[in-house]
Amino acid sequence: MRVLAIDGGGIRGLIPALVLAEIESRSGRPVAQLFDLVAGTSTGAIIACALTKPEPMTAAQAAAIYEQEGPEVFHRSLLKTITSLGGYIDERYDSRGLLDSLNRHLGDARLGQSTVELLITTYDLQARQALVLRRSDDMSMVDAAHASSAAPTYFEPAHIGDRTLVDGGVFAINPAMLAYAEVTTEVDVLASLGTGEHTKPLPFDEVKNWGQLQWARPILDVVFDGSADAVDTQLSALLADRYVRLQTRLDEASDALDDASPENLAALRREAEQLIADRSTDIDRLCDLLTVIPPGTPGSP
């Protein structure tokens with residue numbers, strides 16, 4: 001069983017999209033022919049749906065959408081900035097830009113039509129429980145991707161049927177362990193793609209007097225980072241060389257989920273290119289593992 005897991009991270013999803021484009025280029029195969037299960041959280045869920053829908057995008061096409069449409073998704077009008085007090089008393093962004101992009105690129109595709117097994121994370125606020133969406137769920141890919149990427153304080157929750165759903169990152173910013181738990185047979189390889197690690201320190205003198213208002217957004221980053229690192233440690237121990245984590249420090253690009261400025265998009269692309277260069281040997285090894293496919297394996301061409 002060949003498994004792909006893609007982290008959440010907003011506009012930083014450009015990084016795993018570019019890494020997957022490199023994997024597709026080196027292997028000569030699309031993602032849907034390389035993996036049997038694709039798991040995604042938030043921006044990773046959007047990529048997962050785009051690359052496994054009935055007429056899949058290439059990863060390069062998905063990356064181009066981040067660069068071309070990201071500024072519209074993360075656009076704040078002056079009125080929205082004022083009425084939300086910069087996102088402190090209301091969501092920071094109107095969801096229409098995100099939904100327009102999802103509808104444009106995912107169309108009427110449904111989870112049950114995905115070309116491989118799919119796992120999408122979200123959280124049900126009314127039921128107060130984590131929710132994992134699969135091909136067996138009767139839901140459109142647009143709704144699933146929207147629910148998984150409705151990050152608190154950034155977008156309003158997704159109201160789908162009788163559910164109120166928010167970003168799956170609140171419990172699984174890195175969905176790789178959930179994907180591992182989903183597999184009932186042996187995992188041949190698990191590729192886990194990050195969206196860049198935070199590098200900005202939070203020193204004691206800065207945070208010691210923070211209250212709820214100051215912690216509102218930074219605490220999300222702290223929780224996201226900590227849970228992603230925990231999953232990485234666990235899977236490294238469980239799978240050893242069958243586990244490949246491709247992650248990078250954001251030494252140049254902003255670690256903000258919503259910085260879709262031209263300058264930061266260019267920096268995110270450079271971060272991805274540096275990651276690919278630094279981990280070229282690991283990417284080659286991953287491609288070798290993925291293309292050694294036993295006859296009849298699901299997802300094989």
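**Exercise 1.** Leaving aside its neighbours within four places in sequence, which residues is Ile-23 in contact with?

*Solution.* The model is predicted, so local features need pLDDT of at least 70 and side-chain atom pairs count only at pLDDT 80 or more, while totals for chains, interfaces and linings use all residues. Residues are numbered from 1 along each chain as its sequence is written, and side-chain values use heavy atoms, without hydrogens and water. Contact means heavy atoms within 4.5 Å. With those sequence neighbours left aside, Ile-23 touches Leu-34, Ile-283, Leu-286, Cys-287 and Leu-290.

**Exercise 2.** Find the residues that touch the most other members of the largest nonpolar core.

*Solution.* A nonpolar core is a set of buried Ala, Val, Leu, Ile, Met, Phe, Trp, Tyr and Cys residues joined through side-chain atoms within 4.5 Å; buried means under 20% relative accessible area (1.4 Å probe, protein chains only). The largest core has 73 residues, and Leu-4, Leu-20, Ile-23 and Val-38 touch the most other members. A second, separate core has 15 residues, among them Val-132 and Val-231.

**Exercise 3.** Describe how strands S3 and S4 are joined.

*Solution.* Strands are DSSP runs of E, at least two residues, and two of them pair if DSSP finds at least two bridges between them. S3 (residues 117-124) and S4 (residues 129-134) run antiparallel, with 6 bridges. Leu-119 stands opposite Arg-134 in S4. The hairpin has 4 residues between its strands, and Arg-128 in the turn has a positive phi of about 55 degrees.

Definitions and conventions: Buried means under 20% relative accessible area, exposed over 50%, partly exposed in between (1.4 Å probe, protein chains only).
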